[in-house]
Amino acid sequence: MGVEAMLESVDLVKTGKAPRIKQDEARATYEGRCGPDNAHIDWGRPWEQIDRLIRGCSPAPGAWSTLDGKPLKIFEAKPLPAKNPRGIAGKMGEIVAVEDDGFAVVCADGRFKVLRVQADGPKLAAGEFATQSKLAVGTRLT
């Protein structure tokens, strides 16, 4: 839609003259709840899809991956798109950097800096979690 069409629509709503079109109930559908089955992170996907999943599932149900066979929910992560293939440098789901403020995970076309997670207990800053769990470079999330 163009800007003019949007402005015209807003004016119609403001003046109460917007057309009211009844929904065809025979064609109506419902979207199911987003649950843990929908929230699993596939690190082989492009960064944009993973970013949308993480943001869309925060705070509930929480996008998740597994670490050492246990679920790890990821509530906040910053995408780091690769400018060239060397910017990926690792296997999908591999942790390639562990820093004070978080850890970096490889995806299909870049990396993610994971910033906030939850394992067994409360939500934690990813850097704090990495220190507590002795997270190492080379570990893989699946």
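Rings of Phe, Tyr and Trp, the last through its six-membered ring, pair if their centres lie within 6.5 Å. Planes over 60 degrees apart count as edge-to-face. This structure is a predicted model.

**The aromatic pair**

Searching the whole structure turns up one aromatic pair. Its members are W43 and F112, arranged edge-to-face. W43 sits in the loop between α1 (3-15) and α2, while F112 belongs to strand β5, so the pair ties together parts that are 69 residues apart in sequence.

**Burial**

| Residue | Relative accessibility | Class |
|---|---|---|
| W43 | 3% | buried |
| F112 | 0% | buried |

Beyond its neighbours up to four places away in sequence, D51 touches A77, P79 and F112.

**The core**

The largest nonpolar core holds 25 residues. Within it, W43 and F103 have the most contacts. At least two core residues come from each of α2 (47-56), β1 (63-67), β2 (70-81), β4 (102-107), β5 (110-118) and α3 (126-132).

Which residues is W43 in contact with, leaving aside neighbours within four places in sequence? They are I50, S65, I74, M92, G93, V105, V106, C107, A108, F112 and L141.

**A charge over a ring**

F75 has the charged end of K123 over its ring. The distance to the ring centre is 4.1 Å.

Note on methods
Residues are numbered from 1 along each chain as its sequence is written. This is a predicted model: local features need pLDDT of at least 70, side-chain atom pairs count only at pLDDT 80 or more; totals for chains, interfaces and linings use all residues. Side-chain values use heavy atoms; hydrogens and water are left out. A nonpolar core is a set of buried Ala, Val, Leu, Ile, Met, Phe, Trp, Tyr and Cys residues joined through side-chain atoms within 4.5 Å. Buried means under 20% relative accessible area, exposed over 50%, partly exposed in between (1.4 Å probe, protein chains only). Helices (H or I, at least four residues) and strands (E, at least two) are DSSP runs, numbered from the N terminus. Contact means heavy atoms within 4.5 Å. Rings of Phe, Tyr and Trp (its six-membered ring) pair if their centres lie within 6.5 Å; planes under 30 degrees apart count as stacked, over 60 as edge-to-face and the rest as tilted. A charge sits over a ring if NZ of Lys or CZ of Arg is within 6 Å of the ring centre and within 35 degrees of the ring normal.
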